[in-house]
Amino acid sequence: MVSTETASLFLHPDRNLGMELVRATEAAAIRAAPFIGRGDKNAADGAAVDAMRKFLGTVHFDGLVVIGEGEKDKAPMLFNGEHVGNGRGPACDIAVDPIDGTSLTAAGRPNALSVIAVSDRGSMYNPADVFYMDKIVTGPEGIGLVDLRRPIGDNLRALAAAKGKPVEDMLVAVLDRPRHAQLIEDIRAAGAGTRLLLDGDVAGGVNAARPGSRIDMCVGVGGTPEGVITACAVKALGGFIQGRLHPQSEAEHTAALAAGHDLDRVLEADDLVSGSNTYFVATGVTDGFLLDGVRRAGPVISTESIVLRSHSGTVRRVAADHLIEKWL
């Protein structure tokens with residue numbers, strides 16, 4: 001039986017903001033492409049930010065940047081509190097990461113993405129006071145079973161049982177950082193394998209939540225902004241995410257407490273982004289396990305993107321060819 005909400009969406013289709021936003025991530029990825037492997041991550045990021053800002057200005061919405069790329073006095077960065085879009089559409093919160101993985105781009109390594117996440121105005125968690133968060137992401141099988149407060153071995157065994165596979169076949173994405181040495185050891189001691197990420201835990205989280213992915217779980221301490229962005233994707237995929245703020249210094253710890261944060265609280269998906277109307281849009285900058293990167297062949301630049309929308313439950317892959325002469 002078709003739900004009332006689904007029937008309404010079918011009978012009265014609304015505007016899919018994600019199909020406009022993808023032009024901004026495509027533009028950012030294309031402009032960053034000449035800097036792949038050139039060793040200058042700031043130049044790559046600057047080119048991507050400038051392109052994303054220009055294309056966001058054409059989108060039919062009033063976007064308020066909750067998670068931005070820089071401060072107002074460092075234009076052309078997309079700063080927190082900036083309004084983007086043409087101002088004539090729905091009021092939205094927006095998180096931008098013109099390149100998630102600037103170091104990956106500079107080194108020519110895989111899994112760099114250009115990313116935008118959007119939700120209704122006032123629904124997106126603002127991570128301004130704490131830059132890092134302990135996170136765990138799985139597909140829908142983890143709901144009600146996996147918990148950030150449990151040992152990783154227990155979580156792996158519970159998730160493996162729910163997925164009907166042996167723990168030995170489980171694969172966990174983790175950022176390759178010294179802080180994760182014990183976590184990686186515990187994952188392997190439980191019998192699972194690891195996929196160590198050099199950077200860019202957004203791709204790791206999205207893959208963990210995506211049906212049919214080889215990645216079963218993404219876990220560990222990464223960026224708080226990336227956690228909020230990932231939550232927008234997880235909601236569209238029907239997956240599971242939890243996070244807990246994880247200050248990296250005494251000064252950050254003090255600032256977090258002064259701002260009123262409960263550092264013991266486990267944040268659920270609805271805490272990171274409330275409501276059921278989220279968008280996640282990403283375009284590959286370099287080749288990765290989520291998306292192919294920007295490619296140039298003759299007169300054409302090719303891009304691959306993913307557009308997720310929670311309201312409609314759609315996952316779209318967008319392959320586009322762009323005439324190079326239009327980008328000169």
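**Close-up views of a predicted model**

**View 1. The largest cavity and its lining.** Six nonpolar, four polar and two charged residues make up the lining of the largest cavity. Here Ala, Val, Leu, Ile, Met, Phe, Trp, Tyr, Cys and Pro count as nonpolar, Asp, Glu, Lys and Arg as charged, and the others, Gly among them, as polar. The model is predicted: local features need pLDDT of at least 70, side-chain atom pairs count only at pLDDT 80 or more, and totals for chains, interfaces and linings use all residues. Residues are numbered from 1 along each chain as its sequence is written, and side-chain values use heavy atoms, with hydrogens and water left out. The structure holds one cavity of 30 Å³ or more, and the volume of the largest cavity is about 90 Å³. On a 1 Å grid over the protein atoms alone, a cavity is a set of points where a 1.4 Å probe fits but cannot get out, a pocket is an open set with protein on both sides within 12 Å along at least five of seven lines, and lining residues have an atom within 4 Å of a point. Points are joined across faces, edges and corners, and a volume is the space filled by probe spheres set on them. The residues around the largest cavity are K135, V137, V174, L175, H180, L197, D201, G205, C218, V219, G220 and T230. Strand 5, strand 6 (171-175), helix 7 (201-209) and strand 8 each give two or more residues to this lining; the largest share, three residues, comes from strand 8. Helices (H or I, at least four residues) and strands (E, at least two) are DSSP runs, numbered from the N terminus.

**View 2. Strand 5 and its two partners.** Strand 5 (residues 132-138) has six of its seven residues buried, so it is largely enclosed by the rest of the structure. Buried means under 20% relative accessible area, exposed over 50%, and partly exposed in between (1.4 Å probe, protein chains only). Strand 8 (residues 217-223) runs antiparallel to strand 5 and is joined to it by seven bridges; two strands pair if DSSP finds at least two bridges between them. In this pairing, Y132 stands opposite G223. Strand 9 (residues 240-245) pairs with strand 5 over six bridges, also in the antiparallel sense, and there T138 stands opposite F240.

**View 3. The largest pocket.** The space in the largest pocket comes to about 940 Å³. Its lining has 34 residues, of which G68, E69, D97, P225 and E226 are the closest to the centre. Two or more lining residues come from each of helix 3 (41-56), strand 1 (62-67), strand 3 (91-100), strand 8 and helix 8. By class, the lining of the largest pocket divides into 12 nonpolar, 11 polar and 11 charged residues.

**View 4. Helix 8 and the residue after it.** G238 follows helix 8 and has a positive phi, near 75°.

**View 5. N111 in its loop.** N111 lies in the loop between helix 4 (102-107) and strand 4 (113-120). Its phi is positive, about 80°, although N111 is not a glycine. Most residues other than glycine have a negative phi. N111 counts as buried, because its relative accessibility is 13%.

**View 6. The aromatic pair of F55 and W327.** The count comes to one aromatic pair. F55 and W327 are stacked, at 5.9 Å centre to centre and with 10° between the planes. Rings of Phe, Tyr and Trp (its six-membered ring) pair if their centres lie within 6.5 Å; planes under 30 degrees apart count as stacked, over 60 as edge-to-face and the rest as tilted. The pair links distant parts of the chain, with F55 in helix 3 and W327 in the segment after strand 14 (314-323), 272 residues apart. F55 is partly exposed at a relative accessible area of 22%, whereas W327 counts as buried at 15% relative accessibility.
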